[in-house]
Amino acid sequence: MNRSVERLALFGTLLAAFGEIHPFCDHWAQGSTTAKCKRFYGDHLVYLDGVAVGEEKTPRTGEPTMTASARGRRAVALHVAAYTAIQTGAAVALTRAFGYRVPASALLAGVAINGVTHAAIDRGAAFLWLVDKTGQLGYIKHCQAVRLNKDGEAQAEINGPGTAWIELDAALHRIIGVGAAAVTTWLSTRKRGRN
């Protein structure tokens, strides 16, 4: 019985760190430029803020540029690094506050599951493939948000707050967090006598 209680308590604590902290990482710890750029694809050049070369309003001579795809990968890497650091810190802080030390190898496994899948989902292509294969593409197309551009004109947006994309994205991250918490718990408690 004590073994089961230990596993359930650890799982619940890790689930809080991996699942409940996810919205904070996505909506508070992620900057707007990173959020805007992480799904960029293409060979055209963009500045670090995501503005395409040739569409700038003021001269930007000498500012660094890169391909849109490189900027997208860089934005995802930055977001996942911050996300992973916050989740890892939370998992360590919570488990230690309750007197439990998760073995580094077990924690690394859970963090890797969350980090790698988060990068793949947030980049967009793998997410859309999964959405299509599971029959949810209609949901994404149907539940878009209408936003006003800088000129006050309404335009549809397929992702971002208020869209099916953001809901499916969050649900997928959170269910993966359940799996990551379960794997970390199993790896942490599979040997008897661990504190």
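Reader: What should I know about the model and its numbering?

Author: The model is predicted, with local features needing pLDDT of at least 70 and side-chain atom pairs pLDDT 80 or more, while totals for chains, interfaces and linings use all residues. Residues are numbered from 1 along each chain as its sequence is written, and side-chain values use heavy atoms, without hydrogens and water.

Reader: At what angle do the axes of H1 and H4 cross?

Author: Axes are lines fitted to C-alpha atoms, for helices over the stretch in contact, and angles run from 0 to 180 degrees between N-to-C directions. Helices are DSSP runs (H or I, at least four residues), numbered from the N terminus. The axes of H1 (residues 2-20) and H4 (residues 68-97) cross at roughly 150° and come within 8 Å. H1 is therefore roughly antiparallel to H4 (over 145 degrees).

Reader: Which residues of H1 and H4 meet?

Author: Contact means heavy atoms within 4.5 Å. Leu-10, Thr-13, Leu-14, Ala-17 and Phe-18 in H1 meet residues of H4 including Tyr-83, Gln-87 and Leu-94. By class, this contact of H1 with H4 has eight nonpolar, three polar and no charged residues.

Reader: How is empty space found, and which helix gives the largest share of the lining of the largest pocket?

Author: A probe the size of a water molecule, rolled over the atoms, shows where empty space is left. Here H3 supplies the largest share of the lining of the largest pocket, three residues. H2 (22-27), H3 (32-37) and H8 (164-189) each supply at least two. By class, the lining has three nonpolar, six polar and seven charged residues.

Conventions: Parallel < 35°, antiparallel > 145°, perpendicular 65-115°, else oblique. Nonpolar A, V, L, I, M, F, W, Y, C, P; charged D, E, K, R; others polar.
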